[in-house]
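This report describes a structure for a reader who has not seen it before.

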Amino acid sequence: MAKKYDVMIVGSGHAGCEAARACARMGLNTAMVTMNVDLIAQMSCNPAVGGIAKGHLVREVDALGGVMGEVTDAVGIQFRLLNTSRGPAVWSPRAQCDKKQYRIHMKSVLEREPNLRILQGEVCGVLIDDSGGRRRAIGVRLHDGRELLAGAVVITTGTFLNGLAHIGEQTYECGRNGESPAVMLGNQLRGLGLRWTRLKTGTPPRLDGRTIHWDRFEAQPGDAIPTPFSFLTSKIDRPQIHCHIAYTSPEMHRLIAENVHRSAMYSGRIEGIGPRYCPSIEDKIVKFPDKDKHQLFLEPEGLDTNEVYVNGMSTSLPYDVQAQMIASIEGLEDAEMIRAGYAIEYDAIDARELNHGLELKQIESLFLAGQINGTSGYEEAACQGIVAGINAARKLQNKPSVVVPRTEGYTGILVDDLISKGADEPYRMFTSRAEFRLHLRIDNADDRLTPVGREVGLVQDDRWELFRRKQDQRARIEKWLHETKRSGEKLSVLIKRQGTRIEDFRPEIVTMLGEEPAHGVLTVVETEIKYSGYLAQQERQIERMKEAGGRLIPCGFDFGGIPGLSTEVRFKLEQVRPETLGQAGRIPGVTPAAIAVLDVYLSLRSQNAS
Amino acid sequence: MSLQHTIAAISTPAGRGGIGVLRLSGAEARSIATQVLRFSQPPAWEPWRAFLAELEDAEGTVIDQVVVTYYAAPRSYTTEDVIEIACHGAPVVLRAGLDRLLHAGARLANPGEFTLRAFLNGRLDLPRAEAVHDLIQATTLYQARVAAQQIDGAVSRRLKPLKERLLGLITLLEAGIDFAEDDIDVAAAAQIIERLDPLLAQSRALAKSYAYGKLVHDGLSLAIVGRPNAGKSSLFNRLVEQDRAIVTDIPGTTRDVVSETASLNGLPVKFIDTAGIREGGDQVESLGIERSYAAMADADCTLLVIDLSQPADAFDAELAARLTGPSLIVGNKCDLPRQNPTECLPVSALTGEGIDALRQHIHDLVAPEGIQEAGFLTSLRHARLLDEVVLALERAKVATSEQVPHEMLLLDLYSALTPLDAITGATTADDILNRIFATFCIGK
């Protein structure tokens with residue numbers, strides 16, 4: 001008799017880990033199947049978490065009750081808060097992690113979940129029941145023939161689906177460097193009648209740190225006071241390491257120009273589309289020939305390893321060229337390469353096949369998260385993992401799916417963008433994707449999302465108590481600032497002025513509270529006071545957007561019945577089947593005129609109905 | 001409002017021109033027309049061809065000879081079957097014809113419903129639909145040309161460089177925020193101001209051009225005032241090029257305000273002939289004088305007509321003192337020996353001398369310098385949107401000098417972009433990202 005679980009998570013990368021823990025914490029009997037239990041939460045590219053907009057995503061995952069922030073705080077070796085020359089809305093934390101420790105720590109965190117089982121095995125197919133007219137996932141089949149039944153299945157296979165790596169003229173099938181690809185599962189998914197595509201990503205070479213002349217490079221220290229990712233972490237006092245900044249050399253540019261035809265990217269061997277924001281070094285040289293040098297970062301991969309990641313030098317040039325390129329940089333003349341950079345192509349499903357819960361519209365109870373949906377980045381993966389996990393669990397609990405609105409989180413933007421637009425290139429989060437950026441800050445992610453996490457049963461008491469305390473402190477501080485005067489002026493007015501900081505009043509605030517303010521609470525209060533004008537302006541826009549975009553498009557609405565829509569627009573609407581007029585407007589190629597037509601039709605329809 | 005019905009309406013404005021058109025649109029257009037028209041032979045309904053027919057009243061009496069044109073779907077204005085019946089313009093005939101069409105099964109079209117259908121059926125985008133409305137309303141050829149240019153997107157074209165500049169600045173700041181890890185310099189306040197200033201100048205100029213655009217669109221009222229018998233009515237007739245006002249040599253003949261709209265170098269100008277202004281006189285006349293003062297106050301500009309063949313007069317000076325707003329002193333009767341040295345534009349309403357120069361002067365009086373035919377704003381909606389752009393850019397400038405963080409400054413810049421988008425089409429986050437990737441070398 002086959003073993004039966006509530007939820008089956010396929011894959012144990014950054015999406016899989018979040019999905020698994022969310023389901024387990026929400027009380028479901030959860031299993032996570034991975035090809036290799038030693039490589040859970042492997043950081044296949046740069047061992048860094050966060051960065052601009054990505055740091056926001058991690059905070060949101062954490063606020064919902066996710067795990068990525070805690071693990072990063074535990075194993076980070078260099079923390080930096082980015083964008084501090086701008087306002088608090090775009091401050092974003094980044095941490096260089098110890099690659100091996102990240103894996104180990106994540107595994108031990110997951111192993112502490114009583115409802116979670118971790119299994120090793122290769123999933124070669126999803127079991128699909130198509131009795132009753134509608135396809136539904138009911139479990140998975142393993143390579144060894146076992147069938148594991150489940151009420152819902154979440155697939156988080158990263159780059160493993162028909163993965164194919166390229167180094168120069170050579171190609172080899174792999175899921176990640178040195179690991180087997182998922183070919184059988186990939187082929188099954190290709191045959192399910194879902195739209196799919198090939199995407200590409202790349203990674204740079206790793207050098208032996210002992211062979212680098214470190215003194216020739218400018219050191220990039222971490223912040224004196226590290227900014228943690230998790231709302232649960234009050235302080236990080238581990239010693240920080242330095243990264244180093246290097247630059248490409250004219251010789252390197254010459255080598256690339258001469259050998260670019262040998263790059264897998266340029267020889268036409270790669271069919272997948274790569275991300276423009278993460279171009280290979282050959283791309284940078286070819287597309288920006290006027291730029292005489294490009295920045296590179298030398299980033300240690302851990303405390304007890306010699307491997308150094310050459311950030312900025314992603315490449316698919318042959319091994320010998322990579323070696324010469326490295327040697328052309330002053331300070332790296334003697335550097336030895338441990339692993340070469342490579343490009344990898346993999347299958348991705350068109351995310352327009354999904355609904356807001358990240359469940360396939362065509363196949364019930366089958367959820368997809370992470371790179372399989374066309375994204376790139378650990379943070380984007382983790383965020384989808386927690387969304388898919390929560391919604392798989394909600395499905396089994398017979399509860400409606402949880403949709404974070406675009407106005408309330410990058411999480412909402414990520415999901416809405418993916419399912420409305422699909423991804424022509426691996427999708428990465430940027431703050432400019434947020435219509436209401438000022439509202440979506442790292443300091444208030446808990447405000448926005450911890451109540452949601454609590455509601456679904458993912459936020460446990462410790463986090464909830466902390467959150468409540470912070471809310472309480474915040475209210476008291478705000479009241480105090482409004483009531484306390486200095487030289488005839490309210491403090492809340494003084495703080496609006498340039499040059500006056502809430503930190504100036506910290507000792508009095510501590511006295512007033514009778515305790516230290518919770519981490520981040522002063523920033524929230526200060527931001528909301530200092531920029532109240534802009535925040536209010538944004539609030540009004542949010543209201544308008546809710547009004548304008550809120551008109552619901554009935555399920556099964558016949559877009560074909562509207563002659564005013566061009567065939568192209570109609571096709572795009574049919575493809576996505578948007579749930580609201582606002583979502584329809586965000587589909588590329590759906591023109592404002594088409595939205596106006598739809599709006600008129602929908603209002604005529606509701607008039608006729610009433 | 002259902003879009004299934006065949007609709008009918010009189011599609012030329014009442015009282016204009018020698019031809020009135022009845023228009024039908026919808027699937028039933030042909031069968032409805034057949035019930036109302038009498039043909040010499042059964043109609044072949046060959047599309048895009050005009051043919052003759054007779055329009056009958058309810059009793060079967062022929063009331064007009066008409067020209068019928070059939071536009072087959074989808075190659076018609078509304079993309080539905082459209083039939084146009086051109087009649088001889090008498091309002092009573094048109095109304096009778098429309099009645100017949102409605103009895104035969106058509107529904108009376110709501111105002112603008114033909115254009116709405118064209119729009120809904122994908123025939124027109126929003127700015128074009130607005131411009132079509134203007135075209136229908138056009139009184140002068142010049143107006144029609146401006147409206148036609150707007151249909152071709154002259155406004156969008158004029159706004160494009162402005163929008164490009166704005167997007168360039170937004171791209172610079174967005175790249176700085178999202179790619180702070182790459183070596184993109186933080187834009188300095190001075191650099192931002194340097195880019196904001198031309199943006200502001202351009203959008204202010206556009207916002208201002210509405211004043212002229214409004215004149216082209218709405219027309220301009222011009223009051224002609226002066227002492228009795230200075231020749232106001234003759235001048236009025238000269239300017240409107242028809243004998244509209246009663247001209248006599250008895251002072252005070254024009255007891256009431258007479259007005260007529262005529263084209264002045266393309267501008268539709270409503271010329272208002274006022275009663276001769278003179279103190280005293282009989283009661284009717286002083287009533288007329290009151291109206292003249294009122295007309296002066298209401299008009300967009302004023303012509304004070306003085307009589308050059310008579311010596312200067314304290315009364316003229318007093319009238320001149322009453323002039324407010326754009327105005328011009330015109331010395332009439334320059335064909336006679338000149339008795340009056342007052343500085344003025346000499347004309348002769350009798351011979352036509354100086355009239356062309358006068359027309360040009362009036363035009364220059366109201367048209368801003370260097371205004372171009374294409375590209376000024378004629379729609380109040382567009383003007384309001386441009387005002388929003390200006391306000392948002394002004395806020396952005398203040399914010400920049402106050403060192404407000406860039407993500408907030410961007411809020412002002414997007415507030416300036418949104419109204420432009422409302423005219424030229426939306427800008428998406430992906431558009432901005434595409435610009436960033438095209439401009440900067442991004443990525444690790």
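Which residue stands opposite A:Leu207 in β17(A)? A:Val308 stands there.

The model is predicted, so local features need pLDDT of at least 70 and side-chain atom pairs count only at pLDDT 80 or more, while totals for chains, interfaces and linings use all residues. Residues are numbered from 1 along each chain as its sequence is written, and chains are lettered from A and ligands numbered from 1 in the order in which they are written.

**A sheet in chain A**

The pair A:Leu207 and A:Val308 belongs to strand β13 (residues 206-208) and strand β17 (residues 307-311) of chain A, which are antiparallel and share 3 bridges. Strands here are DSSP runs of E with at least two residues, helices are runs of H or I with at least four, and both are numbered from the N terminus. Two strands pair if DSSP finds at least two bridges between them. The open sheet has 6 strands in the order β14-β15-β16-β17-β13-β18 of chain A, with antiparallel pairing. At its edges are β14 (218-220) and β18 (337-339); each has a single partner strand, so one side of each has no neighbour in the sheet. On average, neighbouring strands of this sheet are turned by 35° against each other, direction ignored.

**A sheet in chain B**

Chain B has 14 helices and 13 strands. An open sheet of 7 strands runs in the order β3-β4-β5-β6-β2-β1-β7 of chain B, and its pairing is mixed. Its edge strands are β3 (37-38) and β7 (107-108), each with a single partner strand, so one side of each is left without a neighbour in the sheet. Strands of a sheet pair through backbone hydrogen bonds, either parallel or antiparallel. Antiparallel pairs in this sheet include the following.

| Strand pair (chain B) | Bridges |
|---|---|
| β2 (residues 20-25) and β6 (residues 82-87) | 6 bridges |
| β4 (residues 50-56) and β5 (residues 62-71) | 7 bridges |
| β5 and β6 | 5 bridges |

B:Glu84 of β6(B) is the bridge partner of B:Arg23, and B:Glu84 also stands opposite B:Thr69. B:Phe51 faces B:Val68 in β5(B). The hairpin of β4(B) and β5(B) has 5 residues between the strands, and B:Gly60 in it takes a positive phi near 90°. In the loop between β5 and β6 of chain B lies B:Pro74, which is joined to B:Ala73 by a cis peptide bond with omega about 0°.

**Two helices in chain A**

Helix α2 (residues 54-64) and helix α11 (residues 445-456) of chain A have axes that come within 7 Å and cross at roughly 35°. The axes are lines fitted to C-alpha atoms, for helices over the stretch in contact, and angles run from 0 to 180 degrees between N-to-C directions. The contact is made by A:Arg59, A:Glu60, A:Ala63 and A:Leu64 of α2(A) and by A:Ala445, A:Asp446, A:Arg448, A:Leu449, A:Thr450, A:Val452 and A:Gly453 of α11(A). Residues are in contact if their C-beta atoms, placed from the backbone, lie within 7 Å.

**Buried residues and cores**

A residue counts as buried if 20 or more other C-beta atoms lie within 10 Å of its own, as exposed if 12 or fewer do, and as partly exposed in between, with C-beta atoms placed from the backbone. Of the 444 residues of chain B, 41% are buried. A nonpolar core is a set of buried Ala, Val, Leu, Ile, Met, Phe, Trp, Tyr and Cys residues joined through C-beta atoms within 7 Å. The largest nonpolar core has 168 residues, and those with the most contacts inside it are A:Val7, A:Met8, A:Val153 and A:Val154. Beyond its neighbours within four places in sequence, A:Val7 has contacts that include A:Cys23, A:Leu28 and A:Leu396. Another core lies apart from the largest one and has 32 residues, among them B:Ala223 and B:Phe236.

**Single residues**

Is A:Ala53 buried or exposed? A:Ala53 is buried, with 28 other C-beta atoms within 10 Å. This residue lies in the loop between β3 (48-50) and α2 of chain A, and its phi is positive, near 70°, in a residue other than glycine.

B:Lys333 is not a glycine either, and has a positive phi of about 65°. Its place is the loop between β12 (327-332) and β13 (345-346) of chain B. B:Lys333 is buried, with 25 other C-beta atoms within 10 Å.

B:Lys214, in helix α7 (residues 189-218) of chain B, is partly exposed, with 18 other C-beta atoms within 10 Å. The C-alpha atoms of B:Lys214 and B:Phe376 are separated by 9.2 Å, and the two residues are 162 apart along the chain.

Notes. Two residues are in contact if their C-beta atoms, placed from the backbone, lie within 7 Å.
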